[in-house]
Amino acid sequence: MSVKENLAHIYEQIDKACENCDRTRDDITIVAVTKYVSNERAKEAVEAGIQDLGENRKEGFLEKYEAIGDRARWHFIGSLQSRKVKEVIDYIDAIHSLDRKSLAKEINKRAQEPVDCFVQVNVSGEESKHGLAVDEVEDFIDMLKAYENVRVVGLMTMAPHTEEEERLRGVFRQLRALRDIIRDKHLPHAPCEHLSMGMSNDYAIAIEEGATHIRIGSKLVGG
Ligand SMILES: *Cc1c(COP(=O)(O)O)cnc(C)c1O
């Protein structure tokens, strides 16, 4: 299937989900996750109208960035080693995986201007997942005010790999509730308005639960 065909189907699903929760398509940013596909396929996504691309490793990111450059906005969605920050920071529009102080410190040091960051939260508590525990997030974000180049625009989570809809909804709802608490503090360094949640198998549910950024790989570009 072409990216264009996949995207048409995804828009249909997005519109249905939006109807169920009184939102509109414009509230939602689709981040096309291109980590499994070629530069050509990533270009096809841009040509189909995708404006946001996501990569989860430094090497893949730099390769795609070289091929596509500023024709897209760039999201770094994977765990980022501190020592690699300097190699990618100038090209990244948003980091979805801020999960520790050492990374914040390095971003702060290397960035020329404030970088939009999502704090990654391990809502489901699975050991295999990155991210802060729910009860660590508020203190962590308070601490980030020391870093003027780190701007907390939202929270991100990876939902558990499950078909159980209620379990997924529970995870997304918890992230949203936490987002609401932080947003309502009106911290200058942490407007925290966004929710990066939902992937190929659960993006419609994530939208119904408030996602503003959905990260779609396999069902959009393949994988
Ligand atoms: C790979 C990946 C995705 C996309 O996964 P799909 O299931 O292929 O849509 C989203 N977010 C993160 C952090 C990823 O690593």
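Trainee: How do the residues of the shell around the ligand divide into nonpolar, polar and charged?

Mentor: This is a predicted model, where local features need pLDDT of at least 70, side-chain atom pairs count only at pLDDT 80 or more, and totals for chains, interfaces and linings use all residues. Residues are numbered from 1 along each chain as its sequence is written, and side-chain values use heavy atoms, with hydrogens and water left out. The shell has six nonpolar, three polar and two charged residues; Ala, Val, Leu, Ile, Met, Phe, Trp, Tyr, Cys and Pro count as nonpolar, Asp, Glu, Lys and Arg as charged, and the others, Gly among them, as polar. Members of the shell include Val33, Ile77, Met156 and Arg215, each with a heavy atom within 4 Å of the ligand.

Trainee: Which atom of serine 218 lies 2.8 Å from an oxygen atom of the ligand?

Mentor: A polar contact is a pair of N or O atoms within 3.5 Å. For serine 218 the atom is a backbone N or O.

Trainee: How many disulfides does a search of the whole structure find?

Mentor: A disulfide is a pair of cysteine sulfur atoms within 2.5 Å. The search finds zero. For cysteine 18, the nearest cysteine sulfur belongs to cysteine 21, 5.5 Å away.

Trainee: Is cysteine 18 buried or exposed?

Mentor: Buried means under 20% relative accessible area, exposed over 50%, and partly exposed in between, with a 1.4 Å probe and protein chains only. Cysteine 18 is buried at 3%, while cysteine 21 is partly exposed at 23%.

Technical notes:
Polar contact = N/O pair within 3.5 Å; in protein donor to acceptor, adjacent residues only side chain to side chain.
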